[in-house]
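Hello,

Please find the structure below, handed over for you to work with. My notes on it follow.

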Amino acid sequence: MDWTTVFSDAIRAGLGPVAACYALAAIGLNLHFGYTGLLNFGQVAFMLVGAYGVAASVSTFGLSLVAGVLIGLACSVVLALLLGLPALRLRAEYLAISTIAAGEILRLFYRSSWAEPVTGGVFGLQRFATAFYQANPIPRDTYGFWLVQFNSRDLWALAVAWAVVLVLCVVLAVLVRSPWGRVLRSIREDEDAVRSLGKSVYSYKLQSLVLGGAIGAMGGMMLAISTQSVNPDSYDPVVTFFLYTLLVLGGAGRVLGPVIGSILFWAVLTIVDSTLRQAITAGHIPETLLTAPEVGAARFALVGLGLMLLMIFRPQGLLGSRREMLLDAR
Amino acid sequence: MRVHRLLVPALVVLLLALGPAEAMAPGTEAVPGPSGLSKALQALLNGVQFGSVIAITAVGLSLVFGTTRLINFAHGELVTVGAVTAFFFNASAGGPRWPLILSTVLAVIAGALLGGLIELGLFRPLRARGTSLISLFIITIGLSLLLRHLVLILFGTSPRSYREYDLQRAWNLGPVSITPRDLTIIGLSVLVLLGVALMLQKTRIGTAIRAVASNRDLAESSGIDVRRVVLVVWLLGGALAALGGVFFGLAEVITWDMGFRLLLLMFAGIILGGLGSAYGAMVGSFVIGIVAQVSTLWFPIDLQNAWALLVLIVVLLIRPQGILGRRERVG
């Protein structure tokens, strides 16, 4: 077993742009689920409209990247209002089912032959973030420590993504400690009590949905920009499940929960992946049990098992306090 | 809320008006003509067939929700496990290659056992610990990921078919045509659904299931063994899901994620019919199946499930308690 490669790869994945983008999307989800108690199971839909907002604006309509980002954000706000206005009046489970359905509807529409002139259909769109990489001030070289090396492009993408994560964490930390954030947390704990104090629970929930959705869209945008491509099938409902896994891992209802969760999620996923691959190559795992092409599936099975075990034995995650996370459906 | 009441019918009319215009777009085949009616009837029949598969699988999901308030996201995997188990007995290279009917019976038993195992091994102990409904819901998502990817490892990514009833000549019945296989699927599904309805209506356990679904605490205090009722519901749900899986695999193909793809349509069906009501799940599922198939008259086939899911969101807008749901407080 070559543990140096395993661990350097894990650190690379944990620090890389993908982890930062997932952290962003999970920060939005944390506002929904962790602070307000909203069961949004369609966070991937916000990522999708954000990503395609940028991609289609730039490569289909020839607008600038900045305009694309604004359009992506506007799309996420519209989506949040469209979903929230009807569904937030209903019980929690209705929001869960309608958000996951909305995500799937959007994915199917964006990949359909109908939408192909705008979204590129099943092929998606590529190379729309040239402006972003042209703005890269980092000289061409590889940077890093030990075996953890990034080229200047990746370093630029991950630096910007983590910077956005940092800024949003500070903003969120201030917001959730404000009177506004206290109302959100009390909605999570006891909605009826908040209502009896004369607060409009519905309007606060809607604000939370819009803000968290816009943050989710930023995650999708950064993901699209850092990979220079969007494809409808990478916005599968499973992405939302991963976001929940990393959020529960880090600790829902904690400012740094999604950040720590995302870093650990990607690092652990990489460790499992390369350990399994090496064990198969070295013959520690017999071919009849698992072959190299099946490793991808095996690690997702382990994600599922991990999510179950976390919810059963440590629902508050690494950072959370158990007393605060005794959520119940309402 | 009053605005929504006007908005939604207007939207539906708009979509209907938009539909034929889209079909005329260059590059697509024009639908109208003398074959228009027969095409519509054919789509309707396909919809009934698709709906019957959704209905069979959705009843269990709805009953589990009705008796435990649990949204079981892993229900789709019971469907896949049923289809894949029957495939193993019927057509897998290393399997016994038994006839499909025997394989289906074994798959249904396997589905019931898996359902029972999930309840006894996972959810009953967790409920006893007082785990919240939201935690249980997230646990079903973990379970769904786990089961689906285990199936992927064992079954692989490529779609397969059963050994029998694979290619059949269609019968022409007036304006529509259907293969004997698909007609059998519709017939058997309807029979099974009638059987479930009779069971719920006439037997002691059926009455107990309805009692627990309508008021758990009241049922418990009138001496009904709620734990036993819930176990029966899981066994029944697992069996029906597995049977639906075999039907779905027969009508289309068996894939590792077939159940998950069906899951959202099941949810659409049970919300349309009324969350928690078994009969609602049946009616709603047929509507969803028909919407999915009939939409292909106007819209590209790759969007058929999107329209069915759109029905779900429209229903939440105008009548969240569903067609047959009780007018209880849903907000």
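Chain B has 12 helices and 2 strands, where helices are DSSP runs of H or I with at least four residues, strands are runs of E with at least two, and both are numbered from the N terminus. Read from the N terminus, the elements of chain B run α-α-α-α-α-β-β-α-α-α-α-α-α-α. This is a predicted model, in which local features need pLDDT of at least 70 and side-chain atom pairs count only at pLDDT 80 or more, while totals for chains, interfaces and linings use all residues. Residues are numbered from 1 along each chain as its sequence is written, chains are lettered from A and ligands numbered from 1 in the order in which they are written, and side-chain values use heavy atoms, with hydrogens and water left out.

Chain B has 331 residues, of which 55% count as buried; buried means under 20% relative accessible area, exposed over 50%, and partly exposed in between, with a 1.4 Å probe and protein chains only. Among contacts in chain B between residues at least 6 apart in sequence, 74% join residues at least 24 apart (contact means heavy atoms within 4.5 Å).

Core

The largest nonpolar core has 214 residues. Such a core is a set of buried Ala, Val, Leu, Ile, Met, Phe, Trp, Tyr and Cys residues joined through side-chain atoms within 4.5 Å. Its largest share, 14 residues, comes from helix H5 (residues 133-155) of chain B. Phe41(A), Phe73(B) and Phe123(B) have the most contacts inside the core. Leaving aside neighbours within four places in sequence, Phe73(B) touches residues of chain A, Ile100(A) and Phe241(A), and residues of chain B, including Phe137(B), Ile141(B) and Phe267(B).

Thr57(B) is in helix H2 (residues 36-68) of chain B and counts as buried, because its relative accessibility is 0%. His75(B) is 18 residues away along the chain, with 8.4 Å between the two C-alpha atoms. Beyond four places in sequence, the contacts of Thr57(B) include His75(B), Val79(B), Gly244(B) and Met266(B).

Helix packing in chain A

Helix H4 (residues 65-87) and helix H5 (residues 92-111) of chain A pack at an angle of about 145°, with axes 10 Å apart. Axes are lines fitted to C-alpha atoms, for helices over the stretch in contact, and angles run from 0 to 180 degrees between N-to-C directions. On the H4(A) side the contact is made by Leu79(A), Leu83(A) and Ala87(A), which meet Leu95(A), Ser98(A), Thr99(A), Ala102(A) and Leu106(A) in H5(A).

Salt bridges

The whole structure has 16 salt bridges over all chains, each a side-chain nitrogen of Lys or Arg within 4 Å of a carboxyl oxygen of Asp or Glu. Asp273(A) pairs with Arg277(A), the closest N and O atoms being 2.8 Å apart. These two residues both lie in helix H13 (residues 257-281) of chain A, 4 residues apart, about one turn of the helix. Asp273(A) is buried at 12% relative accessibility, whereas Arg277(A) is partly exposed at 35%.

Asp273(A) also forms a salt bridge with Arg299(A), at 3.3 Å from N to O. Arg299(A) lies in helix H14 (residues 295-313) of chain A and Asp273(A) in helix H13, so the pair ties together parts 26 residues apart in sequence. Both residues of this pair, Arg299(A) and Asp273(A), are buried.

In chain B, Arg261(B) and Asp257(B) form a salt bridge at 3.8 Å, N to O. Arg261(B) is partly exposed at 40%, and Asp257(B) is partly exposed at 21%.

Regards
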